Amino acid sequence: MSRIVIRSQPVISALHKLVRLAVICLVAASAIQNSYAEDTELTVIDSTDYPWHSIGRVNRAGYRSVSSCTGTLIAPNKVLTAAHCIVSSKTQEKLPADEVLFIAGVRRDKYAARLEAECLLTIDGYVARNRPKVDEIRKDLALIILKEPSTLFPLPPLTPQESRRLRKTTSFLSVGYRRSRPYLPTVVPSCSVLGSQEDVWVTDCNTESGASGGPLMVNTIFGPRVAAVMAAKINDERSIVVPFTQWQDLIQNASCDGAEETAPPAAAQETQEPTN
């Protein structure tokens, strides 16, 4: 099967503009259609069923914290999010693990689990910046290793084998706890990968403050999977996500041993995109 690069001039132009664009902490983002309630262009998820209970808020220092992103429980002791979600906005340094909480399945004033971090891992070479370059966003991934394994059923990441079924027409779901609805997850129920640049994917999933770190989900014959992680907003119609190819080594080699150091970089490989 041939692999094609889905590029268009508007996409590339938008990416060039992003070189000076600040990554925003995207705070507040189909498998279970009857759990949705329509809300303009977004769909509000008001369900505690799988996989929604595995998606939650990454909070700094408490449930009522005004600083939060979105994260996904991808294994009993691992939460995937964006790296800029676990660094100090003032110092640009990684936060202490005891200042980060993952609150799974937040639904208004209730939640499925409150999970504490043992350590925080990022991809080797990640540098926090208020105005990152496009080629830096591909490393904007973090893994939160939990102190205790969760009993919730995780939402696994897409594997290279499963990704072979992706097509140009594949529909994705972008989920996050957006600023407009910080205590209920919202989803863009059908969006696409428009192309790639600098090892990131450009999508037509709209996003807003609060959804950083949220999953770009895809339904497979084995169930829903995390195909990418929301990292940055280009404009009201386009966003940048970090695809699964960039964080395979991070999740496979995750350990709190020597956690002050960062995880190994992703092995050199071509960024895989949906094919025809």
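Student: In which sense do strand E6 (residues 100-104) and E7 pair?

Tutor: This is a predicted model, in which local features need pLDDT of at least 70 and side-chain atom pairs count only at pLDDT 80 or more, while totals for chains, interfaces and linings use all residues. Residues are numbered from 1 along each chain as its sequence is written, and side-chain values use heavy atoms, with hydrogens and water left out. Helices (H or I, at least four residues) and strands (E, at least two) are DSSP runs numbered from the N terminus, and two strands pair if DSSP finds at least two bridges between them. Four bridges link E6 and E7, with alanine 104 opposite alanine 113 in E7, and the sense of this pairing is antiparallel.

Student: Which residue in E8 stands opposite leucine 120?

Tutor: E7 is also joined to E8, and these strands run antiparallel with five bridges between them. Within E8, the residue that stands opposite leucine 120 is isoleucine 144.

Student: How many of the ten residues of strand E7 are buried?

Tutor: Buried means under 20% relative accessible area, exposed means over 50%, and partly exposed lies in between, using a 1.4 Å probe and protein chains only. Strand E7 covers residues 113-122 and is mostly covered, the number of buried residues being seven.

Student: Why does serine 150 count as buried?

Tutor: Serine 150 is found in the loop between strand E8 (142-146) and helix H3 (160-163). Leaving aside neighbours within four places in sequence, serine 150 is in contact (heavy atoms within 4.5 Å) with Leu73, Pro76 and Leu115. It counts as buried because its relative accessibility is 10%.

Student: At what distance does the side chain of serine 47 reach the backbone nitrogen of aspartate 49?

Tutor: Serine 47 lies in the loop between strand E2 (42-45) and strand E3 (55-60), and it is buried, with a relative accessible area of 7%. The side chain of serine 47 reaches that backbone nitrogen of aspartate 49 at 3.0 Å.

Conventions:
Polar contact = N/O pair within 3.5 Å; in protein donor to acceptor, adjacent residues only side chain to side chain.
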